[in-house]
Amino acid sequence: MPMLRFLTAGESHGKGLTGIVEGMPSGVEILVEEINNELKRRQQGYGRGARMKIESDRVEILSGIRWGKTLGSPITLFIKNRDWDNWEKAMNPEKEYEGMHPPLTKPRPGHADLAGLLKYQHLDIRNVLERSSARETAMRVAIGAMAKQFLKCFNIKIGSFVIGIGPKEKEIETAYLDETELLKLSILADNSIVRTPWKEKEDEFIEVIEKAIKNGDTVGGSFIVFATAVPPGLGSHVHWDRKLDAKIASGIMSIQAIKAVEIGDGVSLGKSLGSKVMDEIFYSKKRSFYRKTNHLGGIEGGISNGMPVIVKATMKPIPTLRKALNSVDIFTKESSLASYERSDVCAVPAASVIGEAVLAWHIAEAFVEKFGGDSLEEVRKNFSFYIKQIVETKWLKNSELKG
Ligand SMILES: Cc1cc2nc3c(=O)[nH]c(=O)nc-3n(C[C@H](O)[C@H](O)[C@H](O)COP(=O)(O)O)c2cc1C
């Protein structure tokens, strides 16, 4: 089975982040500027910390792409840490600069600090936080940006918008939004510093973040991420680890600080009647099978059904607080306030851009699995043959029924 896969490596304040992507068909046009643009989108949003001002992420392509097109060989991406000069001694891979960087010993509740320290038996929390940090998502966004460019060849688009910050949330019924409306909301969100399409909500969200900044506190929130023009048939019902919803949920949940993932109407489905939320099936010659609603977020039985794929994710508040929380010093075992590193107060808008990259990846992964070939041309042929079959529904002809 054709397979798309990737690995990332790199510490938050290390020399840089590396990503290796394997399985991308040859002949896909990759514009570096589009990757850089996605990296820029990830760095924006009201409530980010000082680091966003230092960073201006740019990707370097080290392999797998020649003259703007994929070769079919492994693609290596690199994002340099622009602050490396200031971290070279603290993060030097070869030798320790003794006494210059005392260990961090006061784990932050809500971060990977204590659990990671116990698991890997480190004596310095930095050895955990450098990799648990959401800095790693810069590479996932770069890889997702390539997935987006691949999906664009098949008119599949990915977007997102923020619907809640702290206790403020926009009530929105995505089940009744068509593809044009979803894409419009995402474009409007691109022009908002809190990535929300609704002006009145923007003011409310900013107010929540400002209050948290003032109080040395942090906030979370939620966002919608979606994919349009997804053909029916991605993923599979036949095995648990081939279900598209399961893969997407796992990918979105793996984004740092995401604590809930919902597909379509999600949690509220549990409070609804079946008669109200199953997306009834219609047929017309022009449209083939279609639905008028999308309560189930475009996936049934782990398979895309031709409706937009809609995912909601909820992010917890950022665990590093300026007004530090109670913790315990790992050496003295005495109560102490948790350590503070420069930090975001709210990163929901950035998480929503990361969500796009993750969704793009999983749709691309399922697409390559279904229509895979070594070259884009081969994938195109497989795709158009399948779509033709679906539109013509020849194998479903009534006249051929026996008995
Ligand atoms: C875009 C983004 C930025 C983040 N920025 C910070 C930050 O500045 N400080 C912090 O403590 N946590 C930040 N987080 C959250 C932590 O990385 C996350 O809570 C931590 O790694 C523990 O993982 P978990 O929350 O998934 O359990 C950020 C998360 C995302 C997605």
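## A tour from strand β2 outward

Select strand β2 first: L17, G19 and V21 make up its covered face, while G16, T18, I20 and E22 make up the uncovered one. In a regular strand the side chains alternate between the two faces of the sheet. The model is a predicted one, in which local features need pLDDT of at least 70, side-chain atom pairs count only at pLDDT 80 or more, and totals for chains, interfaces and linings use all residues. Residue numbers start from 1 along each chain as its sequence is written. Strands (E, at least two residues) and helices (H or I, at least four) are DSSP runs, numbered from the N terminus.

**The partners of β2**

Two strands pair if DSSP finds at least two bridges between them. Zoom in on L7, whose bridge partner in β2 is I20, and on F6, whose bridge partner there is V21. The hairpin of β1 and β2 has six residues between the strands, and G10 takes a positive phi near 135°.

Now select residues 75–80, strand β6, which pairs with β2 in the antiparallel sense over six bridges. On this side I20 stands opposite T76, and V21 stands opposite I75.

**The whole sheet**

Show β1, β2, β6 and β3 together: they form an open sheet of four strands in the order β1-β2-β6-β3, with antiparallel pairing. β1 and β3 (59–63) stand at the edges with a single partner strand each, so one side of each has no neighbour in the sheet. From one strand to the next the twist averages 20°.

Next, select helix α6, residues 137–152, which lies across β1, β2, β3 and β6 and runs at about 35° to β2. Such angles run from 0 to 180 degrees between N-to-C directions, with axes fitted as lines to C-alpha atoms, for helices over the stretch in contact. Contact between two residues requires C-beta atoms, placed from the backbone, within 7 Å.

**The ligand**

Move to the ligand, which 20 residues surround; the closest are A134, Q256, T320, D344 and A347. A residue is near a molecule if its C-beta atom, placed from the backbone, lies within 6 Å of it. Which helix gives the largest share of the shell? Helix α11 (residues 348–371) does, with three residues.

**A loop residue, R322**

Select R322, in the loop between β15 (309–315) and β16 (326–328). R322 has 14 C-beta neighbours inside 10 Å and therefore counts as partly exposed. A residue is buried if 20 or more other C-beta atoms lie within 10 Å of its own, exposed if 12 or fewer, and partly exposed in between, with C-beta atoms placed from the backbone. Leaving aside residues up to four places away in sequence, R322 touches G216 and Y340.

**The whole chain**

Finally, show everything. The chain has 12 helices and 17 strands, and its C-alpha trace spans about 85 × 50 × 40 Å along the principal axes. Of its 403 residues, 41% count as buried. Among contacts between residues at least 6 apart in sequence, 73% join residues at least 24 apart.
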